[in-house]
Amino acid sequence: MHGGGHERGMRSGTLATHQIVGMGEAFRIAREEMATENERIRMLRDRLYNGLNDMEEVYVNGDLEHRIAGNLNISFNFVEGESLIMALRDLAVSSGSACTSASLEPSYVLRALGRNDELAHSSIRFTIGRFTSAEEIDYTIELVRAAVEKLRDLSPLWDMYKDGIDLNSIEWAAH
Amino acid sequence: MAYSEKVLDHYENPRNVGVLEDDDSVGTGMVGAPACGDVMKLQIKVSDAGIIEDAKFKTYGCGSAIASSSLVTEWVKGKSLDEAAEIKNTHIAEELALPPVKIHCSVLAEDAIAAAIDNYRSKKQ
């Protein structure tokens, strides 16, 4: 046997042969299906976006065109991200809110995209994949709309916005 | 995120959400900051005898923040200002079974009570 005699002399070398074969197969499937799959996912993502973008004070984080087909990251102003996730318990989504990482700082990524702290705290990331259906998208739209409305009813910041108060002009008593 | 039953209950059925007319019998405390992801507004209506007759809240924040402020509006009703000032964040945290990372929500709720009482008292001067 040429080599170090690994694998009890079956074959030398420590290459993970099965994984290499699997990777090759995955690439073959991707080459054949990626283009159509991407289009399908993009349509679902756009369906989700269109179901939400007529609401007041909704902001997409990042460029809508130059972004992967399955991602939608939106901020719903005056609603805190984690409280929105609580309403979306049935869904696997994530928030830019840093409460989930035990830090009180908002997402540095969203800040780098130009979002102020408040919009960064109010963001939700939806990702769509191979197994997402149109029904799930429609269900999500309903759930999100209802939750945002309910949480805006709870929000002092929404009240202030409705009263025409500029939140940047307030001296907040933070600690 | 492991929310306690009580936090979920306050989130689904928040108590005393709303706004009180801002007159001399009402104290308003607003604490926190949007940059921190937590803003609580607590209002108390105080009778001539110095008893809190009504309380309302509005909160921008996570489930624990909403629950803490909702709970506080329940607890202050019927109390005198001094009694309300004795409510400590530890009581709130215990009642809601808040995990360590959410203790600051109960602290903010305690601050909101103090701010509302302060505001009411400043009007009486």
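Predicted model: local features only at pLDDT ≥ 70, side-chain atom pairs only at ≥ 80, totals over all residues.

**Exercise 1.** Find the order of the strands in the four-stranded open sheet of chain A, and state which strands are at the edge.

*Solution.* Step one: the order is 1-2-4-3, and the pairing is antiparallel. Step two: strand 1 (58-60) and strand 3 (94-95) of chain A each pair on one side only, and these are the edge strands. Step three: strand 1 of chain A is joined to strand 2 (residues 71-76) of chain A by three bridges. Val60(A) has Ile74(A) in strand 2 as its bridge partner. Step four: helix 1 (residues 17-52) of chain A lies across strands 1, 2 and 4 (123-127) of chain A, at about 15° to strand 2.

**Exercise 2.** Describe the side of chain B that touches chain A.

*Solution.* Step one: 25 residues of chain B are in contact with 25 residues of chain A. Step two: the elements of chain B giving two or more residues include strand 2 (38-46) and strand 3 (52-60). Strand 1 of chain B gives the most, four residues. Step three: by class, this side of chain B has 17 nonpolar, five polar and three charged residues.

**Exercise 3.** Classify the packing of helix 2 and helix 5 of chain B.

*Solution.* Step one: the axes are 9 Å apart, at an angle of about 40°. Step two: the two helices are therefore oblique to each other. Step three: their crossing is right-handed. Step four: the contact includes Ser64(B) and Val72(B) of helix 2 and Leu108(B) and Ile113(B) of helix 5. The residues of this contact divide into eight nonpolar, four polar and no charged.

Terms used
Residues numbered from 1 in each chain as written. Chains lettered and ligands numbered in written order. Pairing = 2+ DSSP bridges. Contact = placed C-beta atoms within 7 Å. Axes fitted to C-alpha atoms, helices over the stretch in contact; angles between N-to-C directions. Nonpolar A, V, L, I, M, F, W, Y, C, P; charged D, E, K, R; others polar. Parallel < 35°, antiparallel > 145°, perpendicular 65-115°, else oblique. Left-handed = near helix turned anticlockwise from the far one by under 90°.
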